[in-house]
Amino acid sequence: MSLAIVHSRAQVGVEAPAVTVEVHLANGLPALTLVGLPETAVKESKDRVRSAILNSGFQFPARRITLNLAPADLPKDGGRFDLAIAMGLLAASVQVPTLALEDVEFLGELALSGAVRPVRGVLPAALAARKAGRTLVVPRANAEEACLASGLTVIAVDHLLEVVAHFNGHTPLAPYVSSGLLHTSKPYPDLNEVQGQFTAKRALLIAAAGAHNLLFSGPPGTGKTLLASRLPGLLPPLAEQEALEVAAILSVASHVPLSHWPQRPFRQPHHSASGPALVGGGSKPQPGEITLAHHGVLFLDELPEFDRKVLEVLREPLESGQIVIARARDRVRFPARFQLVAAMNPCPCGYLGEPSGRCRCTPDQIQRYRNKLSGPLLDRIDLHLTVAREATALNPAPQPGDDTASAAIIVAKARDRQQQRQGCANAFLDLPGLRRHCTLSTTDENWLETACERLSLSLRAAHRLLKVARTLADLEQVEGISREHLAEALQYRPTSA
């Protein structure tokens, strides 16, 4: 009897738990049994592996074969285990030395010819393999992505023959040398393309500087969507750890290997999107829009047109920065530290409050329209701004300092102050951090408490108001929060939450 053990990785959310492929050959009639909670695609792998081994010129063992994917209670899916299963069969039948596979992990789907095809979720597996101190064998198309895990030895292969020749010592393969993912990407749209709207641009600058959530309200055609699309260009470039997290999510969600270094995500789901589309889901949970917007911007246009139940699912991730999808069989945790920007009309027709008097909506219609947004959701939005209609000017004169490049420099300075002081953006301060870094004088504290009582603001709204005031102080590069900062922050709160 022969036994071989080969290492691989499964995919659960954006994590890559270890899977051990155990191959046992016993005497008896030729048969192959696959155990270990495999999905349909994994069950089909035995036919792909058989053809790949035979077409590569190796001997498929004509014995009673038992394949176990451990741990047995972890669901396995996809063709990512094909290469590991093939190497286990060849090692158990003494066509490859078993000892050579001890400190190696395999990922890859096999074609019937023996060619190795790319798979999804390679970056999380690469990070886990680096932590385990093992070498990773991946399809060549996934090699650049795997090399993002710096310090990991990656071996890129195109065919099963190359893998066997390498571990038999006939034709050793050198570790893959990364040329680096491309940094080329399309530029963000410029802020100077937005005509006028100086108050809205100021709110956009504050939102970028402190990672605050933002809600634009105003008639159609006033530039709400235009303003929101300029926000990613104001944000600082992704730090290395942030870029790895975004790349890991793209690796899991995308059907093609990564080819570019990731930018700040900007996701704009349609208002007909369902709850699972927004937060993720499915029988095998996949990331939704809020996870794809991790470390970036989630823009919800026509906010009241979204189903109320869909919007309510945003409340937890807005506070915690993650979403947990529970199923009967397992629980999957996805990161969701995004910045929410939303836009809405003041009424169903959109023209409420215009001097022309075009609005014909009844008070009941307006109330029903606004009731689609719950108080707890609006309470979690730091900046509320009404965008007014600008005077028509087809060729407006350019305003100095009104472009993305100069605004991004101001934002970067404010973010640097926050990182040096507390290690995170102001919007992500916890309660101890809020009390430590957003202190007020006794007079200003009493003034703010009185203002919050008169405006019927909740304690959460008061805390968020303090964070906005802290950001205003950082934009001015001053240490203390003054009355002027508090007064401006109050202007961005609705009168009742």
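Reader: How far is the sulfur of cysteine 347 from the closest cysteine sulfur?
Author: It is 3.5 Å from the sulfur of cysteine 349, too far for a bond. A disulfide needs two cysteine sulfur atoms within 2.5 Å.

Reader: What is this model, and how are things counted?
Author: It is a predicted model: local features need pLDDT of at least 70, side-chain atom pairs count only at pLDDT 80 or more, and totals for chains, interfaces and linings use all residues. Residues are numbered from 1 along each chain as its sequence is written, and side-chain values use heavy atoms, with hydrogens and water left out.

Reader: Back to cysteines. How many disulfides are there in the whole structure?
Author: The search finds 0. Cysteine 424 has its closest cysteine sulfur in cysteine 438, 10 Å away, which is too far for a bond.

Reader: Is cysteine 347 buried or exposed?
Author: Buried, at a relative accessible area of 0%. Buried means under 20% relative accessible area, exposed means over 50%, and partly exposed is in between (1.4 Å probe, protein chains only).

Reader: Which residues have the most contacts inside the largest nonpolar core?
Author: Leu204, Leu214, Phe216, Val341 and Leu486, in a core of 48 residues. Such a core is a set of buried Ala, Val, Leu, Ile, Met, Phe, Trp, Tyr and Cys residues joined through side-chain atoms within 4.5 Å. A second, separate core has 42 residues, including Leu83 and Phe167.

Reader: What does phenylalanine 216 touch?
Author: Setting aside residues up to four places away in sequence, its contacts include Leu204, Leu227, Val341, Met344 and Leu385. Contact means heavy atoms within 4.5 Å.

Reader: New topic. How many aromatic pairs are there?
Author: The structure holds 2. Rings of Phe, Tyr and Trp (its six-membered ring) pair if their centres lie within 6.5 Å; planes under 30 degrees apart are stacked, over 60 edge-to-face, and the rest tilted. Phenylalanine 106 and phenylalanine 167 form a tilted pair, 5.5 Å centre to centre with 55° between the planes.

Reader: Where do phenylalanine 106 and phenylalanine 167 lie?
Author: Phenylalanine 106 is in strand β5 and phenylalanine 167 in helix α6, so the pair ties together parts 61 residues apart in sequence. Helices (H or I, at least four residues) and strands (E, at least two) are DSSP runs, numbered from the N terminus. Both phenylalanine 106 and phenylalanine 167 are buried.

Reader: Why is the pair of phenylalanine 266 and phenylalanine 299 stacked?
Author: Because their planes are at 25°, with the ring centres 6.1 Å apart. Phenylalanine 266 is in strand β11 and phenylalanine 299 in strand β14, 33 residues apart. Phenylalanine 266 is partly exposed at 28%, whereas phenylalanine 299 is buried at 0%.

Reader: Now the backbone. Which peptide bond is cis?
Author: The one from alanine 70 to proline 71, with omega near 5°. Proline 71 lies in the loop between β4 and α3.

Reader: What about phi at alanine 211?
Author: It is near 60°, a positive value in a residue other than glycine. Most residues other than glycine have a negative phi. Alanine 211 is in the loop between α7 and β10, and it is buried at 6% relative accessibility.

Reader: Last one. Where is arginine 264?
Author: In the loop between α10 and β11. Arginine 264 is buried, with a relative accessible area of 10%. A polar atom of its side chain lies 2.9 Å from the backbone oxygen of histidine 295.

Note on methods:
A polar contact is a pair of N or O atoms within 3.5 Å; within protein, one must be able to donate a hydrogen and the other to accept it, and residues adjacent in sequence count only if both atoms are side-chain atoms.
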